[in-house]
Amino acid sequence: MTREAPGPAVASVPMTTARRFAGEQLWARLREGLRHPFRSWTLRRKLVLTIVAVVAVLGLLIGWVSVALLNGYLINRVDSQLKLAITRADNAASQSLYQGQGVPSASSLVQISGQPGGTIGVLLRGTTWIDGRYLPTGSDTGAKPISDESRARLMALPTDDHPTTISLNLGGQDTEYRVAAVLLPDQATTLVMGLPMAEAEATTARLVFIMVIVTAAAGLASAGAALIIIQLSLRPLDRVADAATTVSTLPLDRGEVALAVRVEDEDTDTRTEVGRVGSAFNAMLGHVASALQARESSERKVRQFVSDASHELRTPLASIRGYSELTRRSGEEIPPDVQHAIGRIESEAKRMTAMVEDLLLLARLDEGRELDREPVDLSMLLINLLSDAHAAGPDHIWRLDLPEEPIEVIGDQPRLHQVFANLLTNARVHTPPGTTVTLALAATDDAAEVSVSDDGPGIPPELQPLLFERFARGDSSRSRNTGSTGLGLAIVRAVVDAHHGSIVVESEPGRTVFRVRLPRSVVG
């Protein structure tokens, strides 16, 4: 077998260009994702995440307000305890001064009965440090001195009896304290008292922890509940989508259409949003069904007219051909111009007969008439066809590429013969002399593929989508030199479709390929 004519060489793309192109594509997708980050999200995901986000924001807001209120309440309670501690110390200092014993020591002031653990007591005279002690929490070892680091912070407090929060280093660790400074009755000594904020801070921290846990749990619970509710609520929409998917798989492009798919009545309640979608979808399907029925009725009338006209035209065309041949062969001397006219009448009658036969075949295929189903030896069929093509186009180079073993399909041999004859004729009449035309056959377990390729000028891109339309031509002049009716490729498509096969075309300057794929067994 001869080898298939090589195709055009493909230029290699430099690696740097490929990388730059890939980078540009990646950057374009990234920009699109940043510009529309939620475009590809499903409605379920958007609703669930929206609900979770709302619950989280509300939880955080409620938590923040709760923590702020609790913290204020705890600070006020500490301030109340601090005022009581100052009152006790002030009363003790007043009694000591009244008895002429002078100002008591800071140690005695923090250890007065009723003073809570952690109480701080400092005595100042102007800017001079007199004494300072603190009572460790939970300790019975007595008051302890205040570190030098904390003295400066305590001495800087204003004597206004107003509690404030400062950080003090007592016992080797920094602790928040509420402190206030007051003037004792001798009007010369300043008393600074303080209480720790550790218990209030621990309570606030526990509340924050609880609020975080509760908010997280509420978010998870709301996500689960929202997912279930949304899933149940959108089931009617899923059923509408299933109906739309079913309609999209129906062969609505040709033949009689029975568009019986509808959304169930339970999903068409116009009082709900999804119901309005279902109702509108049913209305659209009804409109489409009416339009398809009208279209099918019109096409049926046209097919019937073409079929009837083709039948009616066959007889007068046969008569025209018969009388023209009889006149030309009568033996009587006929003037040259009359003989030429009769010859033209005979050739045009043959061309019209071929067109009528093609139209009649298309009308029968449109009506869905069954083709013959018998084994067809594609290998032998293609050998005969290439021999005929070589005889019809000796100025072309014809090549045949067949596998070693014969390949058979189940189909209508005359119709398949017509398919590949039309493709070879198309390659011959639309390419210049010297063009190489290759007829190739290959097979898989379930299909056979026949390709007709040539190295001619190619098919213009704007004509490729119209190739298989009826009366479509590669030129606008509708030249009769080739006898083309514009029905050849339409017949090819119709016959291949009737065999449950497929045909595709690939064309560029220097290479055109028609690929016909046929099932090797009976389909449908």
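## Thr512 and its surroundings

The side chains of T512 and S507 make a polar contact at 2.9 Å (N or O atoms within 3.5 Å; within protein, one able to donate a hydrogen and the other to accept it, and residues adjacent in sequence counting only if both atoms are side-chain atoms). This is a predicted model: local features need pLDDT of at least 70, side-chain atom pairs count only at pLDDT 80 or more, and totals for chains, interfaces and linings use all residues. Residues are numbered from 1 along each chain as its sequence is written, and side-chain values use heavy atoms, without hydrogens and water.

T512 lies in strand β13 (residues 511-519); strands are DSSP runs of E with at least two residues, helices of H or I with at least four, numbered from the N terminus. T512 is buried, at 3% relative accessible area (buried is under 20%, with a 1.4 Å probe and protein chains only). Beyond four places in sequence, T512 has contacts that include V452, S453, D454 and I459 (heavy atoms within 4.5 Å).

## Strand pairing

Strand β11 (residues 447-454) has 7 of its 8 residues buried. β11 runs antiparallel to β13, joined by 8 bridges (pairing needs at least two DSSP bridges). E449 has R517 of β13 as its bridge partner.

β11 also runs antiparallel to β10 (residues 436-443), through 7 bridges. The two form a hairpin with 3 residues between them. A443 stands opposite A448 in β11.

## Helix contact

Residues of α9, including L378, L381 and D388, meet residues of α10, including L416, F420 and R428.

How values were computed. Buried < 20%, exposed > 50% of the residue type's maximum accessible area, 1.4 Å probe, protein only.
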